[in-house]
Amino acid sequence: MTLQCSPLASLQNGHWFKFICGASFQHLAAIRSLSLVYTLAGADCIDVAADPAVVRAARSGIEAAQNLLKANSSEPIPQVWLMVSLNDGEDPHFRKAVFDPHQCPTNCSQPCIAICPAQAIAFSDSLHSGVIEERCYGCGRCLPICPVGLIETRSQIATPAAIQPLVQSGLVNALELHTQVGHEAEFRALWIQLQPIIRDLDILAVSCPDEEGVLEYLTTLYDIMTPLPCPLIWQTDGRPMSGDIGDGATRATIRYGERVLRSDLPGFVQLAGGTNRHTVPKLKEIGLAIAGVAYGSYARSLLTDIQAQLEAIPQSSYHLEDYPDLLNAGVKIATQLIEPLKEQPHYHGK
Ligand code: SF4
Ligand code: SF4
């Protein structure tokens, strides 16, 4: 593997593409398909929940993609890092919607079904009445739309202990730590718990939303983490889990990324939270040289129909590579999202 086709080189050259499956998303068949398609399309990193079953599904998708690439090319197979997300406390990325469907008024028009971007709410199947837990990724859009306020959220805290053997065995290459301004003590405690596996990582990311005092907070985190045994990414989570909502969702992360980039913080700067097809054109327009972009809800929404078609096939194997027309259609869609970033001739590495 040469540096030219490594994820680290992508960061250094400003071409890093991370696909975010979701810190709470646990739909294993979809995770395998998404990891397969985005690996084939050229992703540098796949970011998933800290759940061993999810990690295995994503790794299976990546390996299926790499086997296809090996069979069809004599070129070196691009490396893909598998990242898992951990949180240091309450965080909207780490929650599930919950409600008791028996309490729904019989005359409710069920607006929660249509608003859910993950098709995670259903009433038609007795096995799946209410929230389909593995599909919910905690976006929260169903909460305000329920006319009787029935929907709540249940927080999840991912534990480093569950992920330790996966890092030590090499299945997981990278960690992302989700934090918020004011969580210094919680972050420090998480950092201490992670010490046995930090040296096994290829990269570490810190994801933080934009709040008052964020640059000072990130500086404090850097002091806690130093000396670091691996490169560091600052993920500027502008408008979390909103890239599929509308074109303008990307503005917040670009503004935030620009501020972090202009600060003196060492590390790569990568956008997330509201990223979509407008992100790279906007970056080119303003000439902002970031290390890369992570796409979550928008990138997943592009492939919703492909996964639905896969699941609708009678006696489906749920392995997208067994259905080449569907696979190729998915890769074409994903490639259209990745290509503008890979063409971006930016440099950022500090
Ligand atoms: S709208 Fe969001 S929070 Fe509600 S069920 Fe769907 S994915 Fe979960
Ligand atoms: S909107 Fe609220 S009351 Fe109506 S079906 Fe959905 S959860 Fe039930």
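1. A quick word on classes before we start: Ala, Val, Leu, Ile, Met, Phe, Trp, Tyr, Cys and Pro count as nonpolar, Asp, Glu, Lys and Arg as charged, and the others, Gly among them, as polar. With that in hand, the shell around ligand 2 comes out as 11 nonpolar residues, 1 polar and no charged. The residues surrounding ligand 2 are Phe99, Cys104, Pro105, Cys108, Gln110, Pro111, Cys112, Phe123, Cys146, Pro147, Val148 and Ile151, where being near a molecule or strand takes a heavy atom within 4 Å of it.

2. Some ground rules. This is a predicted model, with local features needing pLDDT of at least 70 and side-chain atom pairs counting only at pLDDT 80 or more, while totals for chains, interfaces and linings use all residues. Residues are numbered from 1 along each chain as its sequence is written, chains are lettered from A and ligands numbered from 1 in the order in which they are written, and side-chain values use heavy atoms, with hydrogens and water left out.

3. On to ligand 1. Around ligand 1 you'll find Ala97, Cys116, Pro117, Ile121, Cys136, Tyr137, Gly138, Cys139, Gly140 and Cys142. That shell splits into 8 nonpolar and 2 polar residues, with no charged ones.

4. Now the domains. The assignment gives domain 1 as 3-92 + 159-342 and domain 2 as 96-155; such bounds come from an automatic or database domain assignment. Taken over C-alpha atoms, the centres of domain 1 and domain 2 are 27 Å apart. Domain 1 puts 14 residues into the contact and domain 2 puts in 11, contact meaning heavy atoms within 4.5 Å.

5. Have a look at Gln110, one of the residues around ligand 2. Its phi is near 55 degrees, a positive value in a residue other than glycine. Gln110 sits in the loop between strand 4 (95-98) and helix 4 (111-115); helices (H or I, at least four residues) and strands (E, at least two) are DSSP runs, numbered from the N terminus.

6. Another backbone spot to check is the peptide bond from Thr226 to Pro227, which is cis, with omega near 0 degrees. Pro227 is in the loop between helix 7 (214-225) and strand 10 (232-237).

7. Helix 2 (residues 28-41) and helix 3 (residues 52-72) have axes that come within 7 Å and cross at roughly 35 degrees. Axes here are lines fitted to C-alpha atoms, for helices over the stretch in contact, and angles run from 0 to 180 degrees between N-to-C directions. The contact of helix 2 with helix 3 holds 13 nonpolar, 4 polar and 1 charged residues.

8. Helix 2 also meets helix 12 (residues 324-342), with axes within 8 Å and crossing at roughly 55 degrees. The two are therefore oblique to each other; under 35 degrees counts as roughly parallel, over 145 as roughly antiparallel, 65 to 115 as roughly perpendicular and the rest as oblique. Helix 2 passes helix 12 in a right-handed crossing. Leu36, Val37, Tyr38, Leu40 and Ala41 of helix 2 touch Leu327, Gly330, Val331, Ala334, Thr335, Leu337 and Ile338 of helix 12.

9. Finally, the axes of helix 5 (residues 160-168) and helix 6 (residues 184-198) come within 9 Å and cross at roughly 25 degrees, so helix 5 and helix 6 are roughly parallel to each other. Their crossing is right-handed. By class, this contact has 7 nonpolar, 3 polar and no charged residues.

Conventions:
Left-handed = near helix turned anticlockwise from the far one by under 90°.
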